[in-house]
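Welcome! Please take a moment with the sequence and the model below, and then let us walk through two sites together.

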Amino acid sequence: MSISVLGAGAFGTAMAVTLSQNGPVTLWARDAEHVQAMRESGENARRLPGVKLPENVTVSAEIADALQAETLLLAMPMQKMAGFLDTHSDTLAGKTLVSCSKGIDLSTGQGPTALIRAKVPGARAAVLTGPSFAGDIARGLPTALTLACADHSEELQAELSTPTLRLYRTTDTTGAELGGALKNVYAIAAGTVIGAGLGDSARAALMTRGFAEMLRIATELGARPETLSGLSGFGDLVLTCTSAQSRNFRLGHAIGAGEAFDPSITVEGAATAQALNKLAHARGLEIPVAAMVMALTEQSISVDEAMQALLARPLKEE
Ligand SMILES: NC(=O)C1=CN([C@@H]2O[C@H](COP(=O)(O)OP(=O)(O)OC[C@H]3O[C@@H](n4cnc5c(N)ncnc54)[C@H](OP(=O)(O)O)[C@@H]3O)[C@@H](O)[C@H]2O)C=CC1
Ligand SMILES: O=C(CO)COP(=O)(O)O
């Protein structure tokens, strides 16, 4: 068995580092200059500085090298996945494609497994998701994630577990991928209230009402509620809403504090808020916190207006 990671960002690099404890790993990057720099320095200074690449991680800009493996981790921003799959669909048939991306494709409203099934019908689709910062995984800190695959996945679970990375498996791909996607939206909300100085109580309220929205929409889309209560949903919501390591939280914090934010940083929650609001609107579901996040990231309302609008909503049962 062998594994390749497609996408040499922070998360792909961290996965390559931890999986190299089990055997050789190929880490594919689209940019040949980036590959050259990683080979020369022995680290991914662009995306995960300070982490040495182990000897059995081979870095390559040749997709053919990565395709030697049967199991391929997709570790790129969600809005880039459709284009990547279109480009490489012929060569990916027959592979196990494990998405590490947390988001909803804006143009189709699909999550990673539906997108993989649509673009590469001959591939097996799985999702690896849950509370985990790339730096923590790469440093070998204890981490637990959810591996979701529609078919029997015990072998894949063993293949992707390492001495410090513990995987739990489920067949509920919809629930796992929606938990990972949606928590980013509510992390932006949590960051906003903290950045605006509105306090920890307001953050707890938004996290809880956000979780209610996650359950509402995910179960409507076919997810099992218990999946949302697990690592991929509640677990990742807690991590991302409470840590300044999170880029989604930091974007929210900048919005709340009225500060600029570097647009080159990967923040999945802004596009996901748009995709989520479209899905909810089409089904007549109310998701006021996610609607607020979309408006804030589009800069169509101020933080004060957003908070007033939430507080002025009609009183109701919990
Ligand atoms: N960072 C983290 O802690 C975690 C991230 N994730 C998820 O992993 C996914 C990737 O995030 P992360 O690694 O942090 O992001 P980064 O911003 O660190 O890296 C993104 C990577 O994707 C590559 N990329 C961009 N577009 C394409 C494309 N069209 N084809 C191939 N590769 C492409 C980039 O290449 P280039 O350098 O050439 O631009 C870069 O290597 C996201 O969905 C994120 O939510 C999940 C768990 C934790
Ligand atoms: O998904 C993550 C933690 O589980 C990483 O969160 P950010 O993308 O907000 O940094």
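## Around ligand 1

By class, how many residues of the shell around ligand 1 are nonpolar, polar and charged? The shell has nine nonpolar, four polar and seven charged residues (Ala, Val, Leu, Ile, Met, Phe, Trp, Tyr, Cys and Pro count as nonpolar, Asp, Glu, Lys and Arg as charged, and the others, Gly among them, as polar). This is a predicted model, where local features need pLDDT of at least 70 and side-chain atom pairs count only at pLDDT 80 or more, while totals for chains, interfaces and linings use all residues. Residues are numbered from 1 along each chain as its sequence is written, ligands are numbered from 1 in the order in which they are written, and side-chain values use heavy atoms, without hydrogens and water.

In total, 20 residues surround ligand 1, and the closest are Ala10, Ala134, Arg247, Thr266 and Glu268 (a residue counts if one of its heavy atoms lies within 4 Å). Both domain 1 (3-171) and domain 2 (175-311) give residues to this shell, so ligand 1 lies between them; the bounds come from an automatic or database domain assignment.

## Arginine contacts

Polar side-chain atoms of Arg30 and Arg47 each lie 2.9 Å from an oxygen atom of ligand 1. For Arg46, the distance from a side-chain N or O atom to a ligand 1 oxygen is 3.0 Å. A polar contact here is a pair of N or O atoms within 3.5 Å.

How values were computed: A polar contact is a pair of N or O atoms within 3.5 Å; within protein, one must be able to donate a hydrogen and the other to accept it, and residues adjacent in sequence count only if both atoms are side-chain atoms.
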